[in-house]
Amino acid sequence: AYRVNTTADIHPFPGSTTISLRSALDSANKLAGEDSISLPAGNYILTIAGSGDDTNFFGDLDILDSVTITGAGPDKTIIDGGTIDRVIDIPISSENISVVLNNLTIQNGKLTATNSYLGGGGICNRQTLTLNNVVVRNNSVAGAGGGGIQSDHELTLKNVVVRANRIDEVGDENRRTGGGILNNGSMVMTDST
């Protein structure tokens with residue numbers, strides 16, 4: 001279990017007592033098995049620019065192993081993409097993983113790569129993802145779908161609000177679908193808007 005103690009978007013040196021959300025994910029991604037990350041109240045703004053990697057080194061937060069991330073509530077714990085990339089990417093891998101996001105907000109993700117076939121301005125999910133008491137808002141995609149969320153495998157939404165996400169009108173109009181959610185897999189939604 002990791003308890004984040006800074007809102008800064010950094011990769012601390014090994015042995016540091018500073019634990020950022022990105023560095024907690026670095027460790028969780030490397031450690032086989034299910035991990036948990038406690039995310040106290042705060043605004044966690046992504047600032048390490050770059051896009052297109054699946055290593056969690058820059059851009060969006062790449063989740064490569066099973067993890068549960070729990071905030072203090074959607075009005076208190078905010079993961080903000082800072083419009084540098086999407087916010088969270090859960091790529092396909094050789095192993096099936098399960099990701100759970102609890103009690104937080106995902107906002108201000110911005111995907112501008114018009115040649116990308118994957119959308120999801122807030123979250124791109126290609127594994128098994130569960131959102132509990134989460135708000136997904138103010139995310140955008142250019143030239144693809146899923147302004148808020150694109151899911152290509154399994155998605156469960158419980159007490160979730162998806163609002164004010166958008167698709168910019170560029171690229172192939174046939175790929176511009178799902179301003180809030182583009183679901184290409186299975187989805188179960190309860191008590192959600």
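## Burial and surface

In this predicted model, 48% of the 193 residues of the protein count as buried, where buried means under 20% relative accessible area with a 1.4 Å probe and protein chains only. The protein exposes about 8,500 Å², of which carbon and sulfur atoms supply 49%, the areas coming from the Shrake-Rupley method with a 1.4 Å probe.

Because the model is predicted, local features need pLDDT of at least 70 and side-chain atom pairs count only at pLDDT 80 or more, while totals for chains, interfaces and linings use all residues. Residues are numbered from 1 along each chain as its sequence is written, and side-chain values use heavy atoms, with hydrogens and water left out.

## Overall form

Along the principal axes, the C-alpha atoms fill a box of roughly 50 × 35 × 35 Å.

## Charge

The protein carries 13 positive and 21 negative side chains, with Lys and Arg counted as positive, Asp and Glu as negative, and His and the chain ends not counted.

## The helix

The protein has one helix and 17 strands, defined as DSSP runs of at least four residues (H or I) and at least two (E), respectively. Helix α1, residues 21-30, is mostly covered, with eight of its 10 residues buried, among them L21, L25 and A28. The cover over these buried residues includes β1 (2-3), β2 (35-38) and β5 (67-70).

Technical notes
Buried < 20%, exposed > 50% of the residue type's maximum accessible area, 1.4 Å probe, protein only. Charge placed at Lys NZ, Arg CZ, Asp CG, Glu CD. Contact = heavy atoms within 4.5 Å.
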